[in-house]
Amino acid sequence: MTSRIPRDSRLRLVRPRTLAAAPRAMTQRPARRPAPRPPEGTPAPAELARMARAVLAGAARVARWADATLGPAPGPRRERDSAAPGSGSTENGDSGGESGPGAKGTLSDAIAQQAATDLSLTPDQVRADWDIARLAGLIEVHGDTARPGWRLRAWNRDDSAVLRGWVAFFDAWSIAHPGPDGQEPSAVAEVVSAMPQVLSFLQLSAGPVPVPQLLDLLEQRVTELRTERCEIPYGPQPGPVDSSESPAEDSAPEDTALAPLLDWALHALAAVGALTCADGQATLTPLGSWAVWVKLEQICVAAQSPAGNIEQGAEDMLRGCAQLRPNAARAEYRAWLAARPVGSAVTELLAAARGEDALSRGLAFEALRVVGAPAEPEVRAVADETPLRPYALLWLAEHDGHDPEDAHLVLTREEATWLWVDTAAAVADHGEAPLLVRHLESAVQPTVPALLDEVRAVGHPRTVQVLVALAAAHPDPALAKAVRRAAFQVHRGG
């Protein structure tokens with residue numbers, strides 16, 4: 001006779017699996033797309049990395065100085081820096097009071113002068129190299145503290161880390177070299193938005209292009225941007241002007257408005273090592289050509305996907321990526337992000353994470369891992385929102401250098417239980433019954449009764465649905481009965 005006494009089923013203690021593990025089991029492997037080859041003549045990755053190291057040599061030098069001089073190692077020099085007025089957080093040279101409000105991650109006057117003396121530079125050169133190091137990820141700013149980034153640790157041994165650092169610097173060219181004074185911010189923003197098309201044209205041309213030709217292309221793209229925004233001037237419009245009574249040079253005011261902005265953009269891109277500009281012609285460097293090709297390839301990959309994810313909003317894009325394996329999904333995230341300003345993309349992803357679909361919530365934070373450091377302020381800001389808190393804390397822990405396998409240790413028992421229920425909701429909505437049963441193994445509680453007690457206490461809005469689905473899926477009748485009883489108690493408010 002089979003015993004009807006409820007059994008205390010023990011769960012194996014295993015590390016929690018991330019939500020990205022769910023799509024692996026619930027989907028089939030798609031056909032692999034052959035790895036694309038860069039254009040003929042593109043240098044090998046090792047040579048590209050050598051070029052990137054040369055561009056960022058000054059930034060790496062200042063970052064290493066900060067690591068060695070202002071790092072955690074005790075000593076008289078560090079004590080002196082800590083006592084210096086205005087030094088702020090001295091862990092890695094982040095400044096406080098003298099930097100002014102909102103100037104997080106900037107160097108204080110005392111530390112900039114010390115670095116200039118040690119490195120035989122001027123304080124302005126030190127500040128410029130420090131800012132570049134931050135943009136390239138050699139220095140990471142967390143709140144009021146700056147410290148060496150992981151790319152600095154891998155700088156001499158990992159070519160891919162170097163290239164990713166340079167691409168981050170390349171993406172931030174308009175931040176590294178702000179627009180010229182006296183120009184309308186809207187006009188500067190239009191030029192920044194139009195430059196990807198200009199760079200694509202340079203990459204496809206594979207050689208020098210006259211600046212006047214680039215100016216024509218820039219004018220066309222800016223006009224398209226304005227048309228897309230439906231910018232129609234208000235008020236009465238002037239009547240047609242007789243061309244014979246108007247000087248020819250007055251007929252194209254946009255030429256004089258965009259020409260200096262194009263000049264600024266080309267020289268800013270030249271300063272980051274993406275192109276050269278001389279004798280009235282612009283040419284992409286090997287680094288610049290490779291970076292533009294990579295971004296075009298990412299866009300093409302997304303455009304070729306059945307769902308056309310690059311054109312979708314964040315929520316629809318994440319749903320499309322739920323059907324992909326992790327590597328393919330990350331490629332989709334990169335392409336989707338490449339087609340949007342980082343700030344608005346992060347806002348969209350967090351809005352999708354706040355929705356009711358738990359799977360989209362987990363995938364949104366996987367996409368934010370692809371964004372990296374630029375998403376840190378926004379992720380830190382949502383860490384106080386209960387539904388997003390476990391995901392945000394895991395993201396921040398990995399961003400701060402924790403091993404992804406051990407990042408779950410930053411969660412409290414309650415936060416880990418909430419995440420377990422949220423992940424179970426994603427599996428129940430999108431996965432299969434065996435996957436939901438295996439999800440029991442990722443619980444931090446050692447027994448099923450302990451798990452059920454804490455699941456009831458955590459107050460997740462999907463608790464009842466998750467427990468009902470688990471009871472229906474589990475092959476053990478006694479355990480399924482206990483889970484159904486727990487679901488009924490939660491439903492009745494117990």
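Which residue in β5 is the bridge partner of Cys 277? In this predicted model, that partner is Ala 282. Residues count from 1 along each chain as its sequence is written. The model being predicted, local features need pLDDT of at least 70 and side-chain atom pairs count only at pLDDT 80 or more, while totals for chains, interfaces and linings use all residues, and side-chain values rest on heavy atoms, with hydrogens and water left out.

The setting is an open, antiparallel sheet of three strands, ordered β3-β5-β4, with strands taken as DSSP runs of E of at least two residues and helices as runs of H or I of at least four, numbered from the N terminus. Two strands pair if DSSP finds at least two bridges between them. β3 (209–210) and β4 (275–278) are the edge strands, each pairing on one side only. β3 is held to β5 (residues 281–284) by two bridges, whereas β4 and β5 share four.

As for the faces of β5, Ala 282 and Leu 284 sit on the covered one, Gln 281 and Thr 283 on the uncovered one.

Next comes helix α11 (residues 211–228), whose 18 residues reach 26 Å from first C-alpha to last, close to the 26 Å expected at 1.5 Å a residue (1.5 Å times one less than the number of residues). Its buried residues (under 20% relative accessible area, 1.4 Å probe, protein chains only) include Leu 214, Glu 219 and Arg 221.

Technical notes: Buried < 20%, exposed > 50% of the residue type's maximum accessible area, 1.4 Å probe, protein only.
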